[in-house]
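Me: I'd like to go through a few of the labels in this structure and ask what stands behind each one. Could you take me through them?

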Amino acid sequence: MSALSERPTNPVVGEALPHESASLHVTGLALYTDDLVGRTKDCLHAYPVQVFQAHAKVTRLDTAPALEVPGVVYVLTAADVPGV
Amino acid sequence: MTITAPDSRTTDSPGSPPQVTVNGRLCSLDGVPANTTALNWLRDLGLTGAKEGCAEGECGACSVLVARPDYADPENRTQWTAINACLIPAGTLDGGEVVTSEGLGTPEALHPVQREMAVRGGSQCGYCTPGFVCSMAAEYYRADRADNPEASYDADETLGHVAHLESEHGPNGFDLHAMSGNLCRCTGYRPIRDAAYALGMPPEDDAFATRLASPPPPVRRTRIAEPDGELVRPTSLAEATAVLGEHPDAVLVAGSTDWGVEVNIRGERAAYAIAVDRLPELRGFDVSEDWIELGAALTLTEIERRLQGRIPLLDHVFPQFASRLIRNGATLGGNLGTGSPIGDTPPALLALEAVLVLASTEGERVVALADYFTGYRSSVRRADELIKSVRIPLPLAEINAFHKIAKRRFDDISSVAVGYAIDVVDGEVVKARIGLGGVAATPIRALDTETALESRPWSRETVRVAAGVLRQEGTPIDDQRATADYRAAMLGTSLLKLYAQQSRREERSES
């Protein structure tokens, strides 16, 4: 056997290694996007609101009632998208 | 964290605010809206391990452990039960004990379940992992789990390859179906199964195991009143019927496994909710000469464990009813109270000729399940009545089967379901009772098919003719799950399949 085909002294390949975040996964400490909201000061989060029709034309959009709900600071619509 | 049994003196204090012990720490429910789910409440506390994956009790990413009465010794012992946190109102946890993945262990001191999952590649993206850990921990702590190197398949082999899917145990006695309510997109499940089967028994000094030897948390008379609604938990049937009489439009909540979906997916909110899951009069289990009486608020898992095979037809239903997580909360009262035409228990209960006991302030009355449903999601139950128990008359029929046709083998809603209870004496059908789901606005009895079978020889010819009658039963429709033609076709083959399997079973027992 050639020298290169022999196992090195401290191999990494071929060793059983846990996922580098495994201990965070199993203890519920790994953070995902939605987990950051409560942990980030002054962080807003957006919730997509969809129409209940699969194929329809939106003829009217009234965002005023949503703005009355406590905690809602803004309602983003197509009107807010530049160039649309 | 320390886990201690509750002080039995501090049982029922209606004046004190609602609170829950979470991971050993007392957390107040004061100010939490009545319709907030346990999942959202826990996550708002900063315990973001439990996740929302589906919000309808299918994925199990929200699974957490709750301390419940041990099914075998409910007064004196406790068991850790895994449930979907996304489905239950947070207020129903009042007075309870909850353990999340964060409470089981830390990276510096992993719980055995966490360690096995971590070292065997049981996670990749990690999103489903806390839920798996909790479901796995519940099974890890199951009191009657024991090493069984011979353990493989328990179910009736004559059912064919399907049989072993109903029951899979590892050499450590671990029931793999404890995780039937947890979905993973990344790992392919094998490393998770390997982790589950590698677990030993809890060590003697394990605080969670020690907790099981003490009584469960006492039931609190919860009273939550918030701007979005009210939630109460009466502690007796008399109290419950009185409250229901005053609020006939109240939502009755036990396991909340159907109501939770209405809240999360359809945006429903209860102005007034009554938690009936711990009412002692609804949690009876009584075997007499004439019937087996099952409390309407017993969970399906509790019923399955306590029946110990006494009602074979129900044992065919349970593994196919949603998932273990759901069955840990779902009840017969809920399944019948919801009255969906595709509910899984009605076809079987109709075949068993079940009888319901309804209770109100005026007393109790008994209604045959066959007379109970009156239309789509409606029944003879008055608004001021609740279902107290379900009676299964004895003796049971000899030939039992439950055919659930759904797109997934488990964890799915049925397209068609058929429940059979048939008695054959000296080669003649003396009694046939058949319940159908998914082919009418309500669960129905296949009365014409029963007539086509009774007093006829139990033979292939009789069955062939009766199968043709069964094919015509009900009024199936096209919907997102199946077409009317498909449903009729499934009805048409069901009886033939039953006869074939029964014949095979008889051949094997004779040889």
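Reply: Gladly! Let's begin with pairing: two strands pair if DSSP finds at least two bridges between them. Please keep in mind that this is a predicted model.

Me: What makes β1(B) and β5(B) a pair?

Reply: The cut-off is at least two bridges. β1(B), residues 19–22, and β5(B), residues 97–99, have 2 bridges, so they pair, here in the parallel sense. Across this pairing, Thr21(B) stands opposite Glu97(B).

Me: How do you know that β1(B) and β2(B) pair, and in which sense?

Reply: With 4 bridges against a requirement of at least two, they pair, and the sense is antiparallel. In this pairing Val20(B) faces Cys27(B) of β2(B). The hairpin has 2 residues between its strands, and Asn23(B) takes a positive phi near 50°.

Me: Which residues of β1(B) are on its covered face, and which on its uncovered one?

Reply: Val20(B) and Val22(B) form the covered face, while Gln19(B) and Thr21(B) form the uncovered one.

Me: Why are α16(B) and α17(B) called roughly antiparallel?

Reply: Their axes lie 8 Å apart at an angle of about 160°. Angles over 145 degrees count as roughly antiparallel, and therefore these two helices qualify. Their crossing is right-handed. Among the residues making the contact are Val463(B), Ala467(B) and Leu470(B) of α16(B) and Leu491(B), Leu495(B) and Tyr499(B) of α17(B).

Me: How many residues of that contact are nonpolar, polar and charged?

Reply: The contact of α16(B) with α17(B) has 10 nonpolar, 2 polar and 3 charged residues.

Terms used: Residues are numbered from 1 along each chain as its sequence is written. Chains are lettered from A and ligands numbered from 1 in the order in which they are written. This is a predicted model: local features need pLDDT of at least 70, side-chain atom pairs count only at pLDDT 80 or more; totals for chains, interfaces and linings use all residues. Side-chain values use heavy atoms; hydrogens and water are left out. Axes are lines fitted to C-alpha atoms, for helices over the stretch in contact, and angles run from 0 to 180 degrees between N-to-C directions. Angles under 35 degrees count as roughly parallel, over 145 as roughly antiparallel, 65 to 115 as roughly perpendicular and the rest as oblique. A crossing is left-handed if the near helix is turned anticlockwise from the far one by less than a right angle, and right-handed if clockwise. Contact means heavy atoms within 4.5 Å. Ala, Val, Leu, Ile, Met, Phe, Trp, Tyr, Cys and Pro count as nonpolar, Asp, Glu, Lys and Arg as charged, and the others, Gly among them, as polar. Buried means under 20% relative accessible area, exposed over 50%, partly exposed in between (1.4 Å probe, protein chains only).
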